[in-house]
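User: I would like to learn how to read the contact between two chains and the packing inside them. Could we go through an example?

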Amino acid sequence: MQEWANQLCENRQFGSKMTDSKYFTTTKKGEIFELKAELNSDKKEKKKEAVKKVIASMTVGKDVSALFPDVVNCMQTDNLELKKLVYLYLMNYAKSQPDMAIMAVNTFVKDCEDPNPLIRALAVRTMGCIRVDKITEYLCEPLRKCLKDEDPYVRKTAAVCVAKLHDINAQLVEDQGFLDTLKDLISDSNPMVVANAVAALSEIAESHPNSNLLDLNPQSINKLLTALNECTEWGQIFILDCLANYTPRDDRESQSICERVTPRLSHANSAVVLSAVKVLMKFMEMLPKDLDYYGTLLKKLAPPLVTLLSAEPELQYVALRNINLIVQKRPEILKHEMKVFFVKYNDPIYVKLEKLDIMIRLASQANIAQVLAELKEYATEVDVDFVRKAVRAIGRCAIKVEQSAERCVSTLLDLIQTKVNYVVQEAIVVIKDIFRKYPNKYESVIATLCENLDSLDEPEARAAMIWIVGEYAERIDNADELLESFLEGFHDESTQVQLQLLTAIVKLFLKKPTETQELVQQVLSLATQDSDNPDLRDRGYIYWRLLSTDPVAAKEVVLAEKPLISEETDLIEPTLLEELICHIGTLASVYHKPPSAFVEGSRGVQHKRLPARAGSGESAESPDTVSTGGVSEAPPAVIPSQGDLLGDLLNLDLTPPTTTGPPPPTSSMQMGAMDLLGGGLDSLLGGDIGGSPAMGASFGAPPAVMPGSFNAPVSGGLSDLFDLGGGVGMPMGAYVPPKTVWLPAMKAKGLEISGTFARRSGVVQMEMTLTNKAMSVMGDFAIQFNRNSFGLAPAGPLQVLTPFTPNQSIEVTLPLNTVGPVMKMEPLNNLQVAVKNNIDVFYFSCQYPISMLFVEDGKMERQVFLATWKDIPNDNESQFQIKDCHLNSDAASNKLQGSNIFTIAKRTVDGQDMLYQSMKLTNGIWILAELKVQAGNPNYTISLKCRAPEVAQSVFQSYEAVLKN
Amino acid sequence: MIGGLFIYNHKGEVLISRVYRDDIGLKLDIQIGGVQSKAPGLRNAVDAFRVNVIHARQQVRSPVTNIARTSFFHVKRSNIWLAAVTKQNVNAAMVFEFLYKMCDVMTAYFGKISEENIKNNFVLIYELLDEILDFGYPQNSETGALKTFITQQGIKGQTKEEQSQITSQVTGQIGWRREGIKYRRNELFLDVLESVNLLMSPQGQVLSAHVSGRVVMKSYLSGMPECKFGMNDKIVIDKQGKGGASDDAGKSGKQSIAIDDCTFHQCVRLSKFDSERSISFIPPDGEYELMRYRTTKDIILPFRVIPLVREVGRTKLEVKVVIKSNFKPSLLAQKIEVRIPTPLNTSGVQVICMKGKAKYKASENAIVWKIKRMAGMKESQISAEIELLPTNDKKKWARPPISMNFEVPFAPSGLKVRYLKVFESKLNYSDHDVIKWVRYIGRSGIYETRC
């Protein structure tokens, strides 16, 4: 910076033209002093020059805050340009000199009354930018006036100023009633005022997710749609983005809004187009698919999206990232537009990569020939990332469109012949996938692949090649030599390659046992004895034991048929996709991440969802749909009080689009989320469970509510939710028995206690309902436990809100820990409790389900399970029958997992499902179980093995309770 | 919304910095050059962009960069970087549109966006930034309106009427035009500017072709004229054909073109276009872009390129390229340029061409063949022998496509302007009094033939 300033200084000396740049030249020492003198000069021109110099120094990053009083002195002027400069200075330094800033207040207030509307607006605009508490107080009156100013230019500026003020002091804005004035401005006669008011309200509403601030209803929507036709391009964006948050009442309203938004698709501003697309994509969800208009709308969407691709490259990039989402959500829109995504030689690399992504998604039998020809071209380009992606894309095409597989493979072979190192490696990686998808079809190419063995230096390619050799060991004559050559540098390989090599050699051994014994021993010893990597060692040991104990079983395990690989890759998980569709055009859609992933604080963390379709045929399409009936009606009342994770979850899943509509089509992922809610909800409601039995029952949860997807790789939205949860753990719908009366009022001088035990988010809780049936007020509550089998003890004092008046009922949740004194009880799960109040001390005993002591990390490794099962003497095994249970094995397994009973393996023998399960108690005792489920037979057999056989009876009871509830 | 806007020179020095929101850069703790920067937050944001984007060695991989939860949007104009910074989930398309608009406005005020111009006008730029972006929300940014009250001279002595006229124009429904414009001669110029894009396989198969066109209008009209623009849009012609079914309609039906999509300047009433497909508007004064459109069907490809590349051994290439013009013989194409890429290891080139001049440009790795003019339905040819240095580079030459530039005096899409009617009820001039000029120019966009 200094440099060019100096250079300019020279220019001045040479008498070049006198322009603003000269102000950048002041670099000498003592300049502040000089400036001070100039600022206090009598001559207006000199003053102005001086202020310009100050601003220039400020831009360059110099500290000119020392001039504050002098600059402020220049504020009172009728020269608008000078005024603006002084204001600019104030905005920068007011915060660092709040006391001095007060000096400026008078002028601001005066300017807000100026006859010139431009000055009034300038004053109110600038005042809002000065984030000094003391100034904001003075801002209120002028702002109130400006909001009702006769000039629309002042009003539109004042509207934005409310948002500014809200950012500084939200309470003040509410107290002063500015929000209502702002709402009134939505009906303003000037479209620009409307647009700015909408923008300001939307922003304020974001930080109050439940405030209903925008209060969108058909009337206000109508106003917005009218303003939409008249306001500036930017205003149209604000209004469309706001419209996207509205949920129409029915499909008719939805259609009429769509009709009025579609003309925006022809706007020259791409952001207007994308925001219109967002509104349409969202509202389309509500239109019945058989409606003519639905088809028309689909057709209307394609051309504008294509047109976006002729915009400037940066916008193309934003458009392509969005199209990527749209293509995943509604592939039909662009299915005929493949050609426009062909890469141009001069496209910037970020555009090229995105286009390629979309090409793969749009590839189908109809256009595959063209796509392949293109991809082949791309594979000869310069940019390494792009070439790799192109090669990978060829592989994806082969997997996606079966008819093209052969052509793809031959294209890949051509590419391998080019011998370009990274092309060859990438090709080999994708050929491995093709082999997985079409086994025993393209082995003829193996010979060519083997020729390139030496050139592979990337782990992924090496691993892929090794996999191929191992998989087709019987057809490769020198497979042993090939693999042996890798073995030499075994310890220098990456883990990926080591694991693959180990498996490949074992496969080879199983296929050609006679010649390869030495090799397999070598690799096993390398993996088990010389390696520090636990994964590798474990795998080595397993193979070793398998091979030494039961080679037949080994063959079955190692050479088992592999599951099919999916056709589509990198698909965005459906809930996240839905959320992102609601964010079309925004950064979230560019990053493909929910706003919560990159926005700090409360803003934007609110999750958005597509509305439910109004048509009825929809729910039949998704068989997984679960009725959310009982749950979805309760929560809205609860949300406002909870600003935490649970509130968010509720919001996410239950923002009910219509109060009466059919349940939204939920995918299995959403049900996962639903379940989070289940867990969350009852802790939210505290001990209210007893009071509403219907709700309690819904936590017992129908089988489908506990989907296996918890084990599946949960990506995107859901995992973010988990992240948000922090230490909360996995709030699953664990079984909670209904409350029972522990202490009747008769025995306790009018105090009645009923309660139950639950494990929520990894914490054992005692949930009680206390009822005062006495005639007097109770208080001074305390609780104590007797010594018990698992050391249960209260983790905090019993908190009962006082005064506890007669006929009142209170829900109390008492968190427990397991570090108290231990004594074996009979039965094992018996607990003796003492409760004290101002009247007396009362004793009662109750029994807790042992399942609440099952900890979250009770999932045993398979190998350990096998070893432990064998290790525990058979005498410790006990068998039980569970009668009349009509769940299938998967549902049972899911249900049990909710109570931390984890299924480790499943085996099917003669139509009988054997589930192997483990659980761990808080005191570290492991319990192993084998659950036999026979299709059509409602009676389960369960065998339990545990080193402490005493627990078996209680565990069995828990099984029964969980499965039957 | 936009939290701040910075303009950098190519070295990464800040020329302009305007912060709209405090949130940017406050918690930005980034390792800069291995040292934890202790500077105040704003500096951090400014530096983060410099270090991570401007000074980044490799190519820019994305126009949006996220550094420490702060998002940076940037566009580059010659050596100048414009960056918008935000911490929120802003409308990304809007931010880029705004940055482009910012460039347009600056260009309209002081010409080319260069370091010198920006420094010379920094006070003006701050004034503009204060006006067109409020708390990060873009406001009216039409140059026509801005120029009425943001001037480099400063505004003095406005009368009250003038002031309220300014504000009503800035906020009004017709923000792009001021009242009371008078011309002695009412005149308008319509330019139909098309760029024709082609990607052709070596065998002459059209892989993709489209025309992106613009209708640019220069209007010098008095008052607040209401205009109506008509072209040979297939949908409109078909509709009329159904109604009138005259011979004329049938004839023009043949010449109508299918427009895939079009976008309009904000002066055009979009709802009217949507319902009646008629284009009506009150035009801005002076030059502006009325509409953009795209067509893909029945495109007249003005030139056909036929390449023939033969590798003779490892050190020689023979290239022959024929171009054929494909339009009316009476028309003349101009500024024809054919660019034939050559391998990186080219040592020498010998060229023979029938027409124009051809030169091997080593710095551009291409043979550039220029022809000043060429009439329709003609053919011309160039042949070249390329000597190569032997290399042990395993990587094959990528064979970039042969590209072509030209200009032709017709619209390759086939678009014809049918009418542009002007109505101004308050003033005493009629449609007939307006002098209208229409011109068609077709240029090459990306016009490539693979070889």
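Analyst: We take the interface, then the nonpolar cores.
This is a predicted model, in which local features need pLDDT of at least 70, side-chain atom pairs count only at pLDDT 80 or more, and totals for chains, interfaces and linings use all residues. Residues are numbered from 1 along each chain as its sequence is written, chains are lettered from A and ligands numbered from 1 in the order in which they are written, and side-chain values use heavy atoms, without hydrogens and water.

User: How much area do chain A and chain B bury between them?

Analyst: The size of an interface is often given as the accessible area lost when the parts come together. Here chain A and chain B bury about 8,900 Å² (accessible area lost with a 1.4 Å probe, summed over both). Carbon and sulfur atoms account for 55% of that.

User: How many salt bridges cross the interface of chain A and chain B?

Analyst: A salt bridge is a side-chain nitrogen of Lys or Arg within 4 Å of a carboxyl oxygen of Asp or Glu. The rule finds twelve across this interface. One salt bridge joins B:Arg61 to A:Asp383, at 3.1 Å from N to O.

User: Which residues touch the most other members of the largest nonpolar core?

Analyst: In soluble globular proteins, nonpolar side chains tend to be buried together. A nonpolar core is a set of buried Ala, Val, Leu, Ile, Met, Phe, Trp, Tyr and Cys residues joined through side-chain atoms within 4.5 Å; buried means under 20% relative accessible area (1.4 Å probe, protein chains only). The largest core has 285 residues, and A:Tyr89, A:Leu334, A:Phe435 and B:Phe73 touch the most other members. A second, separate core of 65 residues includes A:Ile753 and A:Phe854.

Key. Buried means under 20% relative accessible area, exposed over 50%, partly exposed in between (1.4 Å probe, protein chains only). Buried area is the accessible area (1.4 Å probe) that two parts lose on being put together, summed over both.
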